Amino acid sequence: MKLKMKTCIISIINQKGGTGKTTTSVNLSSALAALGHKVLTIDLDPQGNLSYSLGFEEFENSIYNALTEETSFDKIVLKSENFDLIPADLKLADFELDLVNTDNRYFKLKTVFEKNNISNYDFVIIDCPPSISLLTLNALTASNYILIPMQFEVLSLQGLKMILKTYQNVVEKLNPDLQIAGILPVMYDKRRNVTKEIKEHIEQNFQVPIFKNFIRTDVKIIEAPSFGKSVIAYAPNSPSANDYLAFAKELTEE
Ligand SMILES: Nc1ncnc2c1ncn2[C@@H]1O[C@H](COP(=O)(O)OP(=O)(O)OP(=O)(O)O)[C@@H](O)[C@H]1O
Ligand SMILES: [Mg+2]
């Protein structure tokens, strides 16, 4: 699949917790950068897991400042491995409260992108929180694509229905151009029967593409955040590093 935008903005979403959103944001960013693309990664989760995973715990500004005070990206962007990072921390939780009932509350991130020059980037990757919150809706309103990391378990199917409902609502009301890039199977074990059954069920019942590449379960990817690194930097020959590189190629090649 070839994503066509000049600057392609991708939200990594799944309102279910612990489905590999942050891990995918970190390692897809690192893999796209390794392929020569210029990447900006945005932590849009007050948990700040993405920032922490890349070794950033304390910073002066975060995405919160851009959203609420118009702080420009050049005062916020951090250099992380081979890509740029806009961090977040718990302060971002205030965003929801600050903006209840204000006009344009769904368009804040889109406006931030318009005011800052992001055209130098080939990809902007947004790590979303595990909820359909105002933050997530801002991400979807500002994006070209959504990408859904998912474990192939029975309970994931319910989650998928919810994501697709949200997607439809956003297309109708906020961002008619939003497209679904696809489902990325993560923590994938192709020997398990249930995995195969769920894959078939999705193919037959949902109009959503599943990427050919999948990300294997790998202990190296669990260790990498303690070193503040992507798995591609921490263990370049590990299964998951190879899987994310292969997936980045699938996403960008014809
Ligand atoms: N391929 C993998 N193999 C093994 N463990 C993995 C893999 N991908 C992710 N994990 C582990 O699964 C857990 C959840 O991953 P992650 O934090 O990326 O999910 P998340 O969707 O961002 O969570 P949240 O919903 O809280 O934001 C983490 O402990 C992570 O290390
Ligand atoms: Mg996360």
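The legends below describe close-up views of a predicted model.

**View 1. Helix H7, residues 154–173, shown along its length.** H7 has 20 residues, and the distance from its first C-alpha to its last is 30 Å. That span is close to the 28 Å expected at 1.5 Å a residue.

**View 2. The buried and exposed faces of helix H7.** Leu160, Ile163 and Val170 are buried in H7. These residues lie on the same side of H7 because they cover an arc of only 90° around the axis. The face turned away from this buried side carries exposed residues: Val154, Gln158, Lys161, Lys165, Gln168, Glu172 and Lys173.

**View 3. Packing of helix H7 against helix H6 and strand S6.** The packing partners of the buried residues of H7 are helix H6, residues 134–142, and strand S6, residues 145–150. Among the residues of H7 that are buried is Ile163.

**View 4. Strand S2, residues 39–43, and the directions of its side chains.** S2 is mostly covered, with five of its five residues buried. Val39, Thr41 and Asp43 point one way from the strand. Leu40 and Ile42 point the other way, and they too are buried.

**View 5. Strand S2 with its paired strands S5 and S4.** S2 pairs with strand S5, residues 123–127, in the parallel sense over five bridges. S2 also pairs with strand S4, residues 83–86, in the parallel sense, here over three bridges.

**View 6. Asn104, a residue with positive phi in the loop between helices H4 and H5.** Asn104 is not a glycine, yet its phi is near 60°. The loop that holds Asn104 runs between helix H4, residues 94–99, and helix H5, residues 108–115. Asn104 counts as exposed because it has 9 C-beta neighbours inside 10 Å, and the cut-off for an exposed residue is 12 or fewer.

**View 7. Met187, a residue with positive phi in the loop between strand S7 and helix H8.** The phi of Met187 is near 50°, a positive value in a residue other than glycine. Met187 lies in the loop between strand S7, residues 179–185, and helix H8, residues 193–205. Met187 is buried because 21 other C-beta atoms lie within 10 Å, where 20 or more are required.

How values were computed:
Residues numbered from 1 in each chain as written. Chains lettered and ligands numbered in written order. Predicted model: local features only at pLDDT ≥ 70, side-chain atom pairs only at ≥ 80, totals over all residues. Helix = DSSP H or I, 4+ residues; strand = E, 2+ residues; numbered from the N terminus. Expected span 1.5 Å × (residues − 1). Arc of directions from axis to C-beta. Contact = placed C-beta atoms within 7 Å. Pairing = 2+ DSSP bridges.
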